[in-house]
Amino acid sequence: MTPRELDRHDTEAAIFDRACFRLADGDADLIEKAKAFGARVLAPRAAQHDRDATFPIENFRDMHREGLLAICVPREAGGAGASFRTYCLAAAELGRYCGATTLSWNMHVSSTLWTGALADDLDMTAEQRAEHNARRKLHYRRIVDDGAIYSQPFSEGGAAAAGIVAFGTEARPVDGGFVVNGKKIFASLSGSADYYGVLCTERGEGEAASRRNTIYLAIPANAPGVSVVGDWDPLGMRGTVSRTLLLKDVFVPEQEMLMPHGVYYKAATSWPHMFLTLSPTYMGLAQAAYDFTVSYLRGELPGTPPVKRRMYPTKQIAVAEMRLMLEQTKALWFQSISEACANPGKDRVLRAYAAQFTVMENASALATKAIRTCGGQAMLKSLALERIYRDSRCGSLMLPWTAEICLDRLGRETLYEPGEKDE
Ligand SMILES: Cc1cc2nc3c(=O)[nH]c(=O)nc-3n(C[C@H](O)[C@H](O)[C@H](O)COP(=O)(O)OP(=O)(O)OC[C@H]3O[C@@H](n4cnc5c(N)ncnc54)[C@H](O)[C@@H]3O)c2cc1C
């Protein structure tokens with residue numbers, strides 16, 4: 001390495017270096033492949049989809065060709081078999097180049113991760129396990145062979161997506177399947193997904209609604225009774241096209257169950273890190289805000305005049321503060337995604353809330369600081385920082401672990417053991 005190369009800020013480097021973070025070669029290769037894909041394919045298309053608030057369907061077609069749609073599909077079913085952590089690290093790399101594509105991709109990948117590696121970690125009866133293994137083959141085949149895209153519309157605008165009450169979207173058992181009625185807001189990939197991975201409450205005649213009866217169904221986008229309504233013109237993450245999904249008397253065959261009865265509830269209560277999957281995109285955005293700032297101040301940002309601004313002490317202090325915040329964010333997040341497992345102890349769960357809160361809030365704080373530090377010319381829409389600033393603002397709003405809910409749980413679950421009450 002020449003002195004010049006040492007001196008340059010290397011935006012090509014992975015966020016988590018394979019040697020420093022002791023990654024296995026196979027995992028690091030997959031993560032680097034995702035990074036190269038992000039730089040080559042996602043970055044050039046990101047600005048237009050952001051401007052027009054259109055869904056980047058061609059990115060998903062290319063992800064299929066690249067094997068990334070099946071990153072968490074088990075190897076025996078034709079996928080890359082990535083673990084929870086490897087997926088998170090790959091998604092962080094993609095998030096550096098296009099937040100909206102990566103967040104939408106997360107919705108798709110989670111449907112395979114939750115039914116794959118995560119479900120393998122859960123207790124199931126032999127009968128449930130056999131049923132699950134047989135059914136998930138169908139979903140994996142559609143993804144691996146046909147490039148099918150799955151989404152994850154859970155939010156309803158009430159307290160259900162936060163895990164407080166049962167989902168208002170209901171599935172009535174009928175011969176051969178279910179009839180589903182309900183409404184999902186912020187359904188990323190609406191109009192573009194082939195299957196909507198919907199959480200709903202299974203409820204027979206006269207039964208009370210219960211979270212324990214949550215079922216997870218893949219509803220074909222072309223099933224009669226499925227429609228997408230409303231506008232989509234938000235502040236950030238515009239390319240997710242998260243419009244409202246309406247389900248009116250939709251018949252869903254039993255084979256479309258993504259998990260057997262009772263297993264989603266078990267996953268949500270015993271594998272809580274499953275909700276950390278929204279954070280990798282924002283880890284990538286945090287890194288992107290930092291990279292932008294360093295390159296810009298050094299006069300090395302492509303598309304800008306080679307004007308250096310690094311000689312001012314205020315810039316140096318700002319970059320130092322950004323580096324501190326980035327290192328703290330990376331360290332906490334890496335630890336938390338590395339220790340995810342079934343039935344984690346209280347300490348790991350509290351750390352997961354802390355990691356989610358930190359990534360979501362710090363991504364936004366880093367982007368804000370990047371704009372103040374780089375100055376007016378850096379926030380023009382022709383450069384990526386302005387988009388990173390708006391996209392990063394959305395992280396704290398993602399249920400079920402919004403920044404406020406993480407704070408709320410961190411405080412309460414630190415001070416109270418389960419079941420404890422004050423007199
Ligand atoms: C770009 C984008 C894409 C999205 N994509 C999807 C998607 O694909 N699928 C999906 O299901 N959802 C998606 N969402 C929705 C998201 O997860 C939330 O459901 C949505 O932002 C909630 O908005 P709301 O106004 O209904 O929030 P509300 O539920 O009204 O909450 C407002 C705020 O109050 C706080 N709050 C809520 N409940 C509690 C509580 N019990 N305790 C303490 N504080 C609380 C939270 O901080 C929350 O931010 C997306 C959101 C965005 C912004």
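Reply: Before we start, buried area is the accessible area (1.4 Å probe) that two parts lose on being put together, summed over both.

Me: Good. What is the area buried between domain 1 and domain 2?

Reply: About 2500 Å². Carbon and sulfur atoms give 64% of that. This is a predicted model: local features need pLDDT of at least 70, side-chain atom pairs count only at pLDDT 80 or more, and totals for chains, interfaces and linings use all residues. Residues are numbered from 1 along each chain as its sequence is written, and side-chain values use heavy atoms, with hydrogens and water left out.

Me: Where do the domains run?

Reply: Domain 1 is 3-149, domain 2 is 170-267 and domain 3 is 271-415. The bounds come from an automatic or database domain assignment.

Me: How many salt bridges cross the interface of domain 1 and domain 2?

Reply: One, by the rule. That means a side-chain nitrogen of Lys or Arg within 4 Å of a carboxyl oxygen of Asp or Glu. Glu256 forms a salt bridge with Arg142; their closest N and O atoms are 2.6 Å apart.

Me: New topic, the ligand. Which residues are closest?

Reply: Phe154, Ser155, Phe186, Ser188 and Glu404. In total, 17 residues surround the ligand, counting those with a heavy atom within 4 Å of it.

Me: Why does the ligand lie between domain 2 and domain 3?

Reply: Because both domain 2 (170-267) and domain 3 (271-415) give residues to the shell around the ligand.
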